[in-house]
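Here is a friendly walk through one protein model, meant to be read with the sequence and the structure side by side. Please keep both in view as you go.

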Amino acid sequence: MKTNLILSTAFACAIAAHAESVEISVFNPASFPRTAEMVEVDESAVKNHLGSPSFILRNPDGKEIPWQKTHNGKIIFQADVLPGDSAIYVAESGDPAPVKPLVYGRLFRERADDMTWENDRGAFRAYGPTLQKRGERAFGYDIWTKSVPDLVLEKRYLLNNRKNISFHRDHGDGMDVYTVGPTLGGGTNALLDADGEIIYPWCFSEFEILEQGPLRFQIRLTYPPVTAEKGIPAAEERIITLDAGDWFNRSDITYYGLTTPREIVAGQVVHKQNPAGYVLDKENATTAYADLTENAEAGNGTIFVGTVAVSDAEPVYIPLAEPIGDAVGHAVLKGKVENGKPFSYFWGSGWSKGGMPSLEEWQKALTHKKDCIRNPLQVKVKGR
């Protein structure tokens with residue numbers, strides 16, 4: 001009887017130690033509002049307080065909002081916070097409502113091992129081993145425009161591959177009309193050789209999808225040491241993250257096998273259709289370019305592409321010694337990378353027919369991203 005009483009008391013104390021709800025305070029130190037910006041919280045910080053494996057997350061107005069558990073033990077959600085203010089989000093035990101995914105991606109083996117992914121703003125493609133085996137020289141990231149927030153990849157591939165309805169034409173939600181070829185495309189990274197020339201990567205050899213929504217898509221791409229012929233036998237790992245509502249992917253690049261620090265660039269190709277249409281913002285360490293597409297007269301609109309530095313880097317223009325097709329140069333971030341240490345930056349796109357009206361507005365989006373990097377949201381968790 002005494003033993004049972006002790007056990008019962010211990011159980012009651014354990015229950016009492018858990019909070020009925022958990023308060024997640026998000027502070028915005030910046031002088032501008034943060035809208036639908038992704039917040040990360042340690043999963044253990046929430047669940048240790050709450051004592052529940054499942055919970056409902058509510059915004060400051062008490063409305064339930066979606067959240068996602070990540071592979072590395074984080075809870076992520078989108079927050080809105082006024083300048084210099086805090087917003088309180090509350091987690092309470094319960095089963096969250098089903099969430100409509102805002103991100104998606106997979107390896108499309110049916111189309112030459114394309115790794116293609118999207119969010120509600122745009123879609124992107126990295127080329128895989130089948131394409132390389134064919135000898136097709138497409139090195140950089142491809143940009144797929146979107147004019148709707150819906151997820152469209154499965155539909156586009158299905159129509160293109162089975163019904164001969166080309167995704168290179170706009171059927172009401174955007175298209176693939178960006179030209180990559182043997183260039184850095186829409187935001188790819190590459191090492192420079194001893195002469196300052198770009199050592200173009202080719203296609204990834206391995207992949208792993210780390211996150212599959214509903215709020216974040218994340219992949220790990222592995223590239224073989226294509227730089228070996230330049231005396232740099234370094235394999236490369238890229239972790240690419242795309243969040244819901246964001247114009248930009250984050251790339252964290254790590255090389256393995258470097259014996260000394262190397263110069264690295266990351267950026268986008270400049271085409272002859274708009275050779276002077278790029279902007280190098282040294283103050284904010286960003287690049288921007290207005291790509292008019294190969295056949296501007298067809299009404300394709302303008303595709304805005306750009307990069308934002310996280311690691312130390314400066315924007316520069318690197319002309320090609322000779323044009324490669326329509327390509328005449330690259331607008332890139334240039335920095336240095338050490339063996340085993342990540343080099344990080346953001347890259348992305350907007351479309352004149354999909355919510356990005358001008359190069360000026362695109363530059364504002366790039367600067368805003370940089371300002372968010374400079375002023376990270378501050379998060380605290382406590383039981384109540």
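## Starting at alanine 313

Alanine 313 sits in strand E22, which covers residues 313–324. Helices (H or I, at least four residues) and strands (E, at least two) are DSSP runs, numbered from the N terminus. Leaving out residues up to four places away in sequence, alanine 313 touches Ala285, Leu333, Lys334, Gly335 and Phe343; contact means heavy atoms within 4.5 Å. If you look for tryptophan 347, 34 residues apart from alanine 313 along the chain, the two C-alpha atoms are separated by 14 Å.

A word on the ground rules: this is a predicted model, in which local features need pLDDT of at least 70, side-chain atom pairs count only at pLDDT 80 or more, and totals for chains, interfaces and linings use all residues. Residues are numbered from 1 along each chain as its sequence is written, and side-chain values use heavy atoms, with hydrogens and water left out.

## The whole chain

The protein chain has 5 helices and 25 strands. Its radius of gyration is 23 Å, close to the 21 Å that the globule rule gives for 384 residues, so the chain is as compact as a globular protein of that length. That radius is taken over C-alpha atoms, and the rule is 2.2 Å times the number of residues to the power 0.38. The C-alpha atoms fill a box of roughly 90 × 50 × 45 Å along the principal axes.

Of the contacts in the chain with a separation of 6 or more, 68% are between residues 24 or more positions apart. Buried residues make up 49% of the 384 residues; buried means under 20% relative accessible area, exposed over 50%, and partly exposed in between (1.4 Å probe, protein chains only).

## Glutamate 37 and its neighbour

Strand E2 (residues 34–42) holds glutamate 37. This glutamate counts as buried because its relative accessibility is 18%. Setting aside neighbours within four places in sequence, glutamate 37 is in contact with Phe77, Gln78, Ala79, Cys372 and Leu377.

Alanine 36 is also placed in strand E2. At 34% relative accessibility, alanine 36 counts as partly exposed. Its phi is near 50°, a positive value in a residue other than glycine.

## Cysteines

How many disulfides does the structure hold? The count is 0, where a disulfide is a pair of cysteine sulfur atoms within 2.5 Å. Cysteine 372, one of the contacts of glutamate 37, is buried at 11% relative accessibility. Cysteine 203 is buried too, at 2%.

## Loops and backbone geometry

Threonine 70 lies in the loop between strand E5 (68–69) and strand E6 (74–81). With a relative accessibility of 5%, threonine 70 counts as buried. Beyond four places in sequence, this threonine touches Ile76, Glu211 and Arg216.

Most residues other than glycine have a negative phi, and most peptide bonds are trans. The peptide bond from glycine 213 to proline 214, however, is cis, with omega near 15°. Proline 214 belongs to the loop between strand E14 (206–212) and strand E15 (216–223). Asparagine 164 has a positive phi of about 60° although it is not a glycine. You can find asparagine 164 in the loop between helix H4 (153–162) and strand E12 (188–192), where it is exposed, with a relative accessible area of 71%.
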